[in-house]
Amino acid sequence: MLKFSKGYSTLIVWDGIMLVPVGLLLCIGFMGLYSTGLAGPIWSSSFFRQLIWLTIALGVIWTLRFINPKLYTDHAYRLYGALVLLLALTYLMPAVAGGRRWLLFAGIQFQPSEFGKIIVVLALAKYLAENQKKIDKFHFALVPLAIASGPAILIMGQPDLGTAIIFIATALAMMFWAGVAPLHLFIIIAPIISLITGFSFYTFSVWMLVVVLVVYFTNLSLKWGVINFTVNALFGTLAPTLWNKMQPYQQRRILTMLDAGADPHGAGYQVLQSRTAIGSGGVFGKGIGEGTQTHLRFLPVTDTDFIIAVIGEELGFIAILAALILFTWLLLRLVDRAATTQNQYASLIIIGFATVFLVHIFVNMGMASGLMPVTGLPLPFMSYGGSFLLTCMLMIGLSHYVLAGEL
Amino acid sequence: MSDSTKTLIWRRNLIAISIVILMSIIGLRFFQFQIINHDQYAAYAENNSIREIRLPAPRGVILDRNGDYLVTNRAQYSLAVIPAEVNNTLEALEGLGRYLDLGPEEINQIVTDASGFYKRYQPVILYDDISFIQRSYIEEHRLEFPGIFFVDRSIRHYPSRARATHIIGYLRPIAEEEYESFRKDGYRMGDVVGAAGIEKALEQRLRGIDGYKYHLVDNLLRDLGSVPHKPTLYPVPGDSIILSIDIDLQATGEQLMEGRRGALILMDPDDGTIFTYVSAPDYVLAPFIGPISPSLWEYWREHPDKVLLNRPADGLYPPGSTFKLIAAAAALAGGVIDPDATILCEGVYPFGDRNFHCNVWPGHGDVDLTAALRVSCNIYFYKLIQQIGFKAWVEMAKKFGFGEATGFDIGQESTGLVPTPDYMDRKYADEGWTAGHLLNLVLGQGDLLVTPLQITRMTAAIANGGRLVHPTLIINANQRSTSSGSIDLPDHVWEHLQNSMYQVVNGHRGTGFRANIPGAQVFGKTGTAENPHGDGHSWFTGYMVTPTGKRVVITVLVELGGLGSRVAAPLAGQVLQAFLERYDATGDQELAEIQ
């Protein structure tokens, strides 16, 4: 059971190089939230509420430092089981804004899928660390994928495509880090690419040529080569059928990515307004509270999904550049810590967290600038949202704790 | 260890490079928007948040030659509401409806219909053309009715006692199917344009230049007031147009033509400016200022009296005996007859297998050319045309501008029809045409068709000694020449024609004696154009020379009016009388001041 140990907390070394970008990113985020809250009273603004959530998050991190991180890995599978249960429970909850993502617990709403990101990383780390020896066998490589897919499928049904994608991406990155053969990863990813290229005959033909070359130049047995080829061919040809089975909103979002102007009052409208906000900001921005796109409400969900558009409009490219540099700095620092530690568990966990951050950052900023579909993934340390801020801060805190412990 | 460290390093490097590449993609994307395409997006953002509000230019006013208003503008107020701000309680709606004869349910319906999420901050018209009393009441109780305001637009107002319907012309909104052709000139859907008369002919001068003001709006188009860095461009009103019309004489003419169908034109023979221009019947312009109700439009368009027809310029009629002047001119100019030689009129003229009759029984006796015009003897002209010949007669008609447009400056104009030998050959190809047809033509009957304006111009040419003027309603219309050339005839021809016309009004048994007025010399010619549908069209055309030497041409046509001498001539006399009273003494000075 849980054991509190004063002795363990003295081993924790706070990493300034990791914490400085986090602090600065939080500052940029709060500037954006301050602006979006200007119209109303301060205590009901997302700026103020985010401050409260930050305080709670810091308190939780401070408390967790007494828990031996070994407990997380010991209980990773149980936590994983609890997560699956909670995700299943969301299906019994009334729908909020067209989705069932929240659980109501003692009067507080929270999204199990947010904390699920941490739990899945822990479970994956445990499996990959404990089966290091068998990792070069292909069928073992399939297990971590299954671990990620369980919650991913449940979340996709909520529906929350973006979060589901995070689990799969994280699993792949952690498998790569754990030493799964690149060929095996290729075989796993290939059907997904077949699925996407299946919509265009020419790209699909080129892709199938790549698959054949890979199968030919690697020492894959004839049997597995044929199976691999058949699976990819099947996925590619089935893609259009699958497309027709998709929810209209999912189809729309994907189409919107391809042409933002096509659907000016749906998701495309949001992206167009977001691009207009960002582009009109220029180098130095219009100034806090001066953004017409933000304050005349042309920009949708300013404090959550499109916070970066607010920052782009009011603080300009300077602030965007600063945020990107800080994010890169943080991610590289996480990877560096993962690479230098002798602790296999900690290394995998930190790589998992880094991947969760990376996917959020790339998808959110890509979405705001029209590179990615509107998936509703928030931006770490900046978007308003209690569960998400807590999750991000916990990932930073836990990165320190797992490095200090003996797992 | 060293092997696993090596693999770890390449994995770390691959992941680090992937991070940098992904972040660079995002960075370049933002660089593209914020630096490269900044101007374009800044314009988008401004376009989003700044609404251009048009300030329509007031349409130019229209005045008569004495500076009195024929057409002005007045403000029409409508009551508008912003649906999201309306107080929807029953008492408030009842209070509002009390002075608008609208029930609370009706108001509630209008407001509810306009309350969709994305349009609830856009004003909707609740009540059109609100009266002063209604407006005062609502202004007084303004605090009880939030979300309410008045919008005004400028509409046409016709203060003069002369209707001048066909002169001014009506306005109508641009129809959807013709919008494309108007758009290049800066019109917008729903704009009102001149559709007839001066309003149409001078549309470009009357419309002015619209102004614009700029307001900040949010995503629901909620108005947030003016934008400091975009100053208002004020509208430039349309030109004021001075017409040659005289409101008093116009009103007199309209009064005289009341209950009749036809045309009445009073024109200066020297510069072609028109004092009075009546197309009867006419209609009241006031209901045509904005959107015209389809029923009203149908009513006038289907009216059996062809109310919308602009008779003086566009109406086609046989000219009747007024056209004998053309035959007389041809005879005198060609020298084919001795004008003093007489012909015996016995009231009937057998020609071919048919008897042609004169207008009195048992005939006029011995008549020369002057007498033939004076009493309008048909027999004289039956014989005359055979001496002149068809070709010379056609040439003379064309010299006087028949068969071609007069160059009148408003609206549609008919060219009329002067039958030529070619035309007759074509038309009567089967049964053939004979000199019998010619006898009809010389009396202004048969295939010959003219407009009252062409007849007026002919008379003006006789009065001024051969100048063919452009009839006009506009003073100083683009400084264009007042005439389209002169009719080159010897002076004695003009003198003879003038003298004959004087005899028509003043001579013994002259058919135009009812146009005579004391105190001025009146010249004229009557006509009664036979009509298979009933009474003939009653014509009088002539001119007056006032004691001060001022000349003015009058033409009166009454459709199916009967004898020209009995119907048209006295009407002409009354108009000339009015002109004489107005312009001979004091009027001349007024005119001099204006010109």
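Tutor: Start with the term we need: two strands pair if DSSP finds at least two bridges between them. Keep in mind that this is a predicted model.

Now the part itself. Three strands of chain B form an open sheet in the order E1-E8-E9, and the pairing is antiparallel. Its edges are strand E1 (50-55) and E9 of chain B, each of which pairs on one side only. Direction ignored, neighbouring strands here are turned against each other by 40 degrees on average.

Look closely at E8 and E9. E8(B) spans residues 211-217 and E9(B) spans residues 223-226; the two pair in the antiparallel sense over two bridges. Take Val217(B): its bridge partner in E9(B) is Asp223(B).

Val545(B) has Arg551(B) as its bridge partner in E21(B).

H18(B) covers residues 435-442, and its Leu438(B), Leu439(B), Leu441(B) and Val442(B) are buried. Seen down the helix axis, the buried residues of H18(B) fall within an arc of 160 degrees, so they line one face. The general point is simple: an α-helix has 3.6 residues a turn, so residues three or four places apart point the same way. What do the buried residues of H18(B) pack against? They pack against helix H13 (324-334), strand E14 (348-351), strand E15 (354-357), helix H15 (378-388) and helix H16 (390-399) of chain B. After H18(B) comes Gly444(B), with a positive phi near 75 degrees.

Step back to the whole of chain B. Its secondary structure comes to 22 helices and 21 strands. Of its 595 residues, 41% count as buried. Take the contacts in chain B between residues at least 6 apart in sequence: 71% join residues at least 24 apart.

Now cross to the partner. In chain B, 28 residues are in contact with 33 residues of chain A. Helix H1 (2-36) and helix H2 (38-49) of chain B each supply at least two residues of the side that touches chain A. The largest share of that side, 17 residues, comes from H1(B). By class, the side has 16 nonpolar, eight polar and four charged residues.

Chain A has a composition of its own: 17 helices and two strands. Buried residues make up 47% of its 407 residues. For chain A, 69% of the contacts between residues at least 6 apart join residues at least 24 apart.

One helix pair in chain A is worth a look. Helix H5 (residues 76-90) and helix H7 (residues 138-156) of chain A pack at an angle of about 10 degrees, with their axes 10 Å apart. That angle makes H5(A) roughly parallel to H7(A). H5(A) brings Leu83(A), Val84(A), Leu87(A) and Ala88(A) to the contact; H7(A) brings Gly150(A), Pro151(A), Leu154(A) and Ile155(A). By class, the contact has seven nonpolar, one polar and no charged residues.

Finish on one residue. Leu185(A) sits in helix H9 (residues 182-197) of chain A. Is Leu185(A) buried, exposed or partly exposed? Leu185(A) has 16 C-beta neighbours inside 10 Å, so it counts as partly exposed. Leaving aside neighbours within four places in sequence, Leu185(A) is in contact with Leu172(A), Met175(A), Phe176(A) and Val180(A). Phe138(A) is 47 residues away along the chain, yet the C-alpha atoms of Leu185(A) and Phe138(A) are separated by 9.2 Å.

Notes
Residues numbered from 1 in each chain as written. Chains lettered and ligands numbered in written order. Predicted model: local features only at pLDDT ≥ 70, side-chain atom pairs only at ≥ 80, totals over all residues. Helix = DSSP H or I, 4+ residues; strand = E, 2+ residues; numbered from the N terminus. Contact = placed C-beta atoms within 7 Å. Nonpolar A, V, L, I, M, F, W, Y, C, P; charged D, E, K, R; others polar. Buried ≥ 20, exposed ≤ 12 C-beta atoms within 10 Å, placed from the backbone. Arc of directions from axis to C-beta. Axes fitted to C-alpha atoms, helices over the stretch in contact; angles between N-to-C directions. Parallel < 35°, antiparallel > 145°, perpendicular 65-115°, else oblique.
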